[in-house]
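Please keep the sequence and the model in view while reading.

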Amino acid sequence: MKKLLLASLMLVSTSVFAHNLPLSTKWSSDYAPGKGTYIVKVVSKDEIELTVDENVCGFNQLGDVSFCTLMFFFPIKGVLNTLPIPAPRTTLVYSLENTDYRIVHDVTKSGYIRLLTVDENGGVKDSVRLFKK
C-alpha cells in the first residue's frame with residue numbers, strides 16, 4: 001500500500017511542467033544557422049508557448065548577429081506531458097502534445113533546459129540548449 005501511495009505522489013508531482021519553472025519565464029536559444037532561434041515561454045501552470053523563429057541572419061566580423069530577415073512566425077501553444085523515460089532523478093523529460101518536440105529539464109539549482117526535435121520512433125534529430133532570458 002505504501003508503495004502505491006508513493007508512486008501516485010511521484011506521478012502527481014511531476015505531471016505539470018510549470019510547477020518546476022516560474023510562471024511567465026522565457027527561455028531561448030542563441031541563433032544557429034539553418035535552425036533559427038527557439039523561445040519557450042511558460043504561460044500558465046499547465047501551458048507553454050514554443051516559438052520557432054526561422055528567420056535567416058548574417059554575422060558581422062566579430063560573430064555577432066548583424067541582420068535578419070523579417071518573416072512572420074506563429075507560436076505553438078500546448079501542454080507538456082511527462083514522459084516515462086529513464087533519466088537521472090533530477091531530470092524530467094516532457095513531450096509537447098501533438099508535436100515532435102520534447103523538453104529536457106534539469107531541476108537542480110543550476111539546471112538547464114534543452115529542446116529536442118524527435119522522429120516518429122522517438123529518436124533525437126536535433127538538440128538545442130535554452131537559456132533563461
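In which sense do β10 and β11 pair, and over how many bridges? The two strands pair in the antiparallel sense over 6 bridges.

## Basis of the description

The model is predicted: local features need pLDDT of at least 70, side-chain atom pairs count only at pLDDT 80 or more, and totals for chains, interfaces and linings use all residues. Residues are numbered from 1 along each chain as its sequence is written, and side-chain values use heavy atoms, with hydrogens and water left out.

## The sheet

An open sheet is formed by 9 strands in the order β6-β3-β2-β1-β11-β10-β9-β8-β7, with antiparallel pairing. Strands here are DSSP runs (E, at least two residues; helices are H or I, at least four), numbered from the N terminus. Two strands count as paired if DSSP finds at least two bridges between them. At the edges stand β6 (76-78) and β7 (80-82), each of which pairs on one side only. From one strand to the next, the twist averages 25°; axes are lines fitted to C-alpha atoms, for helices over the stretch in contact, and angles run from 0 to 180 degrees between N-to-C directions.

Several pairings can be located by residue. Strand β1 (residues 26-28) is joined to β11 by 2 bridges, and the two run antiparallel; Ser28 stands opposite Phe131 in β11. Arg114 has Arg129 in β11 opposite it. The hairpin of β10 and β11 has 5 residues between the strands, and Gly122 takes a positive phi near 90° there. Strands β3 and β6 run antiparallel and are joined by 3 bridges, with Ile48 opposite Gly78 in β6.

## The nonpolar core

The largest nonpolar core has 16 residues. Such a core is a set of buried Ala, Val, Leu, Ile, Met, Phe, Trp, Tyr and Cys residues joined through side-chain atoms within 4.5 Å. Those with the most contacts inside this core are Tyr38, Val40, Leu50, Tyr101, Ile103, Leu115 and Leu130. At least two core residues come from each of β2 (37-44), β3 (47-53), β8 (91-96), β9 (101-106), β10 (113-118) and β11 (124-132).

Contact means heavy atoms within 4.5 Å.

## The disulfide

A search of the whole structure finds 1 disulfide, a term for a pair of cysteine sulfur atoms within 2.5 Å. The bond joins Cys57 to Cys68, with an S to S distance of 1.9 Å. The link of Cys57 and Cys68 is right-handed, with 100° about the S-S bond. Cys57 lies in strand β4 (residues 57-59) and Cys68 in strand β5 (residues 65-68), so the pair ties together parts that are 11 residues apart in sequence.

Cys57 counts as buried because its relative accessibility is 13%, whereas Cys68, at 35%, counts as partly exposed. Buried means under 20% relative accessible area, exposed over 50%, and partly exposed in between (1.4 Å probe, protein chains only).

## Two further residues

Asp46 is found in the loop between β2 and β3. With a relative accessible area of 41%, Asp46 is partly exposed. Asp46 and Val79 are 33 residues apart in sequence, and 5.9 Å apart in space, C-alpha to C-alpha.

Thr91 lies in strand β8 and counts as buried at 12% relative accessibility. Val104, His105, Asp106 and Tyr112 are touched by Thr91, not counting residues up to four places away in sequence.
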